[in-house]
Amino acid sequence: MSRSVPSHRWRTLVVVLVAALVGCDSDDGMGPTVATQLAFTVQPGDATAGASIAPAGVAASERASGAVITAAVEIQDASGNVVTTATNAVTIAIGTNPAGGTLSGMATVNAVNGVANFTDLTIERAVSGYTLSASATGLTSATSAAFNITPAAAAGLVFTVEPSDGEVYLLIGPAVEVAIQDAFGNAVTTATDAVTLEIGTNTGGGTLTGMTTVDALGGMASFTDLMIDKTGTGYTLVATSAGLTQATSASFDIIFPLSSLDAGFGYNCGLTTGMNAYCWGSNSDGQLGDGTATDRSTPGLVSGDLSFTWLNLGRVHTCGISSGDAYCWGQNGFGQLGDGTTTDQQTPTMVSGGLSFASLSAGASYTCGITTGGDAYCWGINFRGQLGDSTTTDRSTPVQVVGGLSFVKVTAGGAHTCAFTSAGDAYCWGAGGLGQLGDGTIQAFRLAPGPVSSGLSFTSLSAAGNYTCGLTDSDAAYCWGENLFGQLGNGTNTDTNFPGLVSGGFSFATIDASDDHTCGVTTAGDTYCWGSNDFGQLGDGTQNNSNMPVTVSGGVSFTLVRTGNDQTCALTAVGEGYCWGQNVFGQLGDGTTTNSLTPVRVSDP
């Protein structure tokens, strides 16, 4: 007789069967589980760039074999148990990527027994704090622990701070820097190799000077004192180091940009934008300041490694200002260098007295300057009272001009001196036999400043030879004194003892007087000259004197013009120098000794 099973026992049997179908832990031998997530069971360790990543503690020889597991990722159920039957495709990618690195190697692997092993992963960019992320379709992704990639062995060089365009003889700045890198472009910060720089492309035939071989510090070689002695466009530098691939810099230019210039007796000088002083022409008494007495037909650097903010030429001596200190060089027979001696100097010598100067003017065997406080001082020859100290005693050190006046600028001439105040009032002293003092009189000399009779307000003055010219606040040019060659520009050759208007109705931005000719640049940018022209110093293509302004030929627009004894120089807006007139000493700076009736370009050093 059959017996029925109670209903509650059927329910128990169903529960057991369902449980059996669902399965248990994969390790209890009772059947499969459901995969839900990924987990790193072997974490990636630190490695060098481009080398296989392996867990910490794995030897380099093992890493090189390529069989070392980079990372292992388990496929797990919700309880964190490995699902040994899982064969999902698992993909590894960089998670945290602080250096923008690239992961190389087999990044997608099919799991075996629930585990995906990655054996050949590499990253090329060195930095700390990378992580890897693991993903598989339908499963929760996982992120590894952080690890670091360090640089590989040093392999090559690279310019990290390129050489910039610069000035001849001026330090290339900022400092050029060359990094030692591995094959992947990572800086090898432990490298201390010696790195050498030399000129690669040498368009100007220049020489690189300074410390050209430097030991790297922290994988970086820094070159702080490089300079090139010749101008040129498209220079490059080449960096080399034993056993490393060399590097070539970007191209750069070395130029000779003038910011100002001045003219003397058969020689000229200019300042570059980098405040280096250059001179060329006659050097009989060391007035070029290069340590020799040799004439130069192209610009030469003034010795002494000084940075000048002001430069002015006398007849045979030169003076400049560096950090407020006055320096002079050249002829010194009357103490015009101001160093307490009467010995000529071929290099810059500091003026005695400890005064701080704002401007200087060198005349014929004497010099004057304005201090930063507005006081006027002079030194040198004083036979006509041109020093303004109420005596005719020569001085080899600065003496203060009497009268208690505060001046903006002073200008030293042949044997007379003029200056103007902030109110535009002009004063002159010294020789006055040809009316150059501008006070309406003819007198042998005056030992102290006296006012110019004009009622005009001056913004600049230029004294030279035996006459004076100036610009008023309305840009009009006036001149007074000797007029033998028409240097006053008033249409006559008659001397005058008070300011007379220069003919032509021009508005001038700048004006400059020499011994017997005058030039100026108008506010419209045109250049005019007048007076003596026996060597073509007026620049109009002739050798005819003119007592009225004539246009300088050549079609070049100038911003500044300066007159020497028998030559004239001018400056363009882009810093190019031009000269014309006499050239027997090479004072035109074009590499020749041939006179020119029109402007010629001053050569680069």
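Guide: Happy to. A disulfide here is a pair of cysteine sulfur atoms within 2.5 Å. Cys368 and Cys378 form one, with their sulfur atoms 2.0 Å apart. Bear in mind that the model is predicted: local features need pLDDT of at least 70, side-chain atom pairs count only at pLDDT 80 or more, and totals for chains, interfaces and linings use all residues. Residues are numbered from 1 along each chain as its sequence is written, and side-chain values use heavy atoms, with hydrogens and water left out.

Visitor: What is the handedness of the disulfide of Cys368 and Cys378?
Guide: The torsion about its S-S bond is about 110°, so the disulfide of Cys368 and Cys378 is right-handed. The pair links distant parts of the chain, with Cys368 in strand E34 and Cys378 in strand E35, ten residues apart. Strands (E, at least two residues) and helices (H or I, at least four) are DSSP runs, numbered from the N terminus.

Visitor: Is Cys368 buried or exposed?
Guide: Cys368 is buried, at a relative accessible area of 0%, and Cys378 is buried with 0% too. Buried means under 20% relative accessible area, exposed over 50%, and partly exposed in between, using a 1.4 Å probe and protein chains only.

Visitor: How do E34 and E35 pair?
Guide: Strand E34 (residues 366-371) and strand E35 (residues 376-380) are antiparallel, with five bridges. Gly369 stands opposite Tyr377 in E35. For two strands to pair, DSSP has to find at least two bridges between them.

Visitor: Which sheet has E34 and E35 in it?
Guide: An open sheet of four strands, in the order E33-E34-E35-E36, with antiparallel pairing. Strand E33 (357-362) and strand E36 (395-400) stand at the edges with a single partner strand each, so one side of each has no neighbour in the sheet. From one strand to the next the twist averages 20°; for such angles, axes are lines fitted to C-alpha atoms, for helices over the stretch in contact, and the angles run from 0 to 180 degrees between N-to-C directions.

Visitor: Back to cysteines. How many disulfides does the structure hold?
Guide: Seven. One of the others is formed by Cys469 and Cys479, with sulfur atoms 2.0 Å apart. Its S-S torsion is about 110°, so the disulfide of Cys469 and Cys479 is right-handed. Cys469 sits in strand E42 (residues 467-472) and Cys479 in strand E43 (residues 477-481), ten residues apart. Cys469 is buried at 0% relative accessible area, and Cys479 counts as buried at 1%.

Visitor: And what about Cys569 and Cys579?
Guide: They form a disulfide as well, with the sulfur atoms 2.0 Å apart. This link is right-handed, with 105° about the S-S bond. Cys569 lies in strand E50 (residues 567-571) and Cys579 in strand E51 (residues 577-581), ten residues apart. Both Cys569 and Cys579 are buried.

Visitor: Switching to aromatics: how many aromatic pairs are there?
Guide: The rings of Phe, Tyr and Trp (its six-membered ring) pair if their centres lie within 6.5 Å; planes under 30 degrees apart count as stacked, over 60 as edge-to-face and the rest as tilted. By this rule there are 15 aromatic pairs. Among them, Tyr169 and Tyr278 have ring centres 6.4 Å apart and planes at 45°, so the pair is tilted. They link distant parts of the chain: Tyr169 is in the loop between strand E14 (166-167) and strand E15 (176-182), and Tyr278 is in strand E27 (residues 277-281), 109 residues away. Tyr169 is partly exposed at 31% relative accessible area, whereas Tyr278 is buried at 0%.

Visitor: Which residues form an aromatic cluster?
Guide: Phe506, Phe508, Tyr528 and Trp530 form one.

Visitor: Which residue in the hairpin of E25 and E26 takes a positive phi?
Guide: Gly266, near 80°, in a hairpin with three residues between the strands. Strand E25 (residues 258-263) and strand E26 (residues 267-272) run antiparallel and are joined by five bridges. Ser260 has Leu271 in E26 as its bridge partner.

Visitor: Last one: what about the chain overall?
Guide: The protein chain has two helices and 52 strands. Its C-alpha atoms fill a box of roughly 165 × 55 × 45 Å along the principal axes. Of its 605 residues, 50% count as buried.
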